[in-house]
Amino acid sequence: MSDAYKALIIACIRPNIAFAVPDGTPEQVYAEFKVELLPTGEQAAPPKLIKPSGLPGYDDAAERAIIR
């Protein structure tokens, strides 16, 4: 995946994450999801959590943002 494409995906998802990250949480903390898309860009299946962030509330918020 190119860096430009990755940045576009992050730009679509990140503004929809509603979660207050606790103070002192390193920026390297992230959740990784597998998302299958149809050629139209619609989701073919629900997102699947591949690598949890260690913050279950954040993981849930990120999944909801992906679905949006």
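Helices (H or I, at least four residues) and strands (E, at least two) are DSSP runs, numbered from the N terminus. The model on display is predicted: local features need pLDDT of at least 70, side-chain atom pairs count only at pLDDT 80 or more, and totals for chains, interfaces and linings use all residues. Residues are numbered from 1 along each chain as its sequence is written, and side-chain values use heavy atoms, with hydrogens and water left out.

Begin by selecting Asp-59, which is found in helix H2. Asp-59 is buried yet forms no salt bridge, and the nearest side chain of opposite charge, Lys-51, is 8.3 Å away. Here buried means under 20% relative accessible area, exposed over 50% and partly exposed in between (1.4 Å probe, protein chains only). A salt bridge is a side-chain nitrogen of Lys or Arg within 4 Å of a carboxyl oxygen of Asp or Glu; Lys and Arg count as positive and Asp and Glu as negative, while His and the chain ends are not counted.

Next, display the contacts of Asp-59 (heavy atoms within 4.5 Å). Leaving aside residues up to four places away in sequence, Asp-59 touches Ala-31, Phe-33, Leu-49, Pro-52, Ser-53 and Gly-54.

Then move to Pro-22, in the loop between H1 and S1. Pro-22 counts as partly exposed because its relative accessibility is 39%.

Finally, select Ile-66 together with Pro-22 and draw the C-alpha to C-alpha distance: the two residues lie 21 Å apart in space and 44 residues apart in sequence.
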